[in-house]
Amino acid sequence: MAESGWTMVSKMKLGVALGSGGTRGFAHVGVLQVLEEAGFELHAIAGSSMGALIASLYATGAPVHHMEQLATHLPIARWMDVTFPKMGLVTGVKLHELIKILTKRKTFDQCKIPLAVVATDLELGERVVLTEGFVHDAVRASIAIPGIFVPHRINQRLLIDGGVIDRVPIHATRSLGADFVLAVDVGLFDRLPPVRHVFDVIVQSIDIMEREIFRHRILDADFVIRPELALMSSTTFHGIAGAIEAGRDAARKAIPELREKLASVEEAARGRS
């Protein structure tokens, strides 16, 4: 039974911003599970890269326990299609088809709550916030890690990983009408895991860059949850269950403080009205 408590901030529209981080991003599933169990209603959700995938599944109606089962049991062969490296090592065709199925071929206006997916325009160097069209196309663009996945073209724009320019899409979430933005950051921090192969070289180089960009933007979030993922690599598929549990653990610890912060923001808003 869900824990009550949302009524004390019933006028606040809670939005969640899910950040990039490769397979570390499966921690988002655990965070969403705990928010639901605690009775929090999400009014908007946005994501970059892996965060975009999890956000899109949630917004198109996938139960969070199904998301966990999928994450821990889906064989890598179902979505990995290696190609001759011209614009990327993986074509992404299999993954695109999988996302299409998982999001039920829905468009953004068919989502149960407002959704935004962030990508990066490779040719213009701009952040692109996608809120129209098919969800699976937007997610395929947002997860296109440079050098690993072939970029994805939408409306004549060549798009890559949203995390390159906006690791945790706080502003995109607020633009959906959220009064209070909860950011979930699963990026690498003080230490980096050992480099084992070319995927690690590419991904960890991007992680380092993202860290510097995000250092200032995090201040725009109303509340931040950072799951303890230690030295879990962004490219490993051996620690997914642990990542989900880390998300649950971080969210459970954060719930009391989150309730207090929501209440204080609600009270301040009343005072200004």
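Residues are numbered from 1 along each chain as its sequence is written. In this predicted model, local features need pLDDT of at least 70 and side-chain atom pairs count only at pLDDT 80 or more, while totals for chains, interfaces and linings use all residues, and side-chain values use heavy atoms, with hydrogens and water left out.

Me: What makes α2 largely enclosed by the rest of the structure?
Reply: Buried means under 20% relative accessible area (1.4 Å probe, protein chains only). In helix α2 (residues 50-59), 10 of the 10 residues are buried, so the helix is largely enclosed by the rest of the structure. Among them are Met50, Leu53 and Tyr58.

Me: Why are α3 and α8 called roughly antiparallel?
Reply: Angles run from 0 to 180 degrees between N-to-C directions, and over 145 counts as roughly antiparallel. The axes of α3 (residues 64-73) and α8 (residues 240-272) cross at roughly 150°, so these two helices are roughly antiparallel to each other.

Me: Which residues of α3 make the contact with α8?
Reply: Contact means heavy atoms within 4.5 Å. Glu68, Ala71 and Thr72 of α3 make it, with Ile240, Ala241, Ile244 and Arg248 of α8.

Me: Why is α4 called oblique to α5?
Reply: The axes of α4 (residues 93-102) and α5 (residues 135-142) come within 9 Å and cross at roughly 140°. Oblique is what remains after under 35 degrees (roughly parallel), 65 to 115 (roughly perpendicular) and over 145 are taken out, so α4 is oblique to α5.

Notes: Helices (H or I, at least four residues) and strands (E, at least two) are DSSP runs, numbered from the N terminus. Buried means under 20% relative accessible area, exposed over 50%, partly exposed in between (1.4 Å probe, protein chains only).
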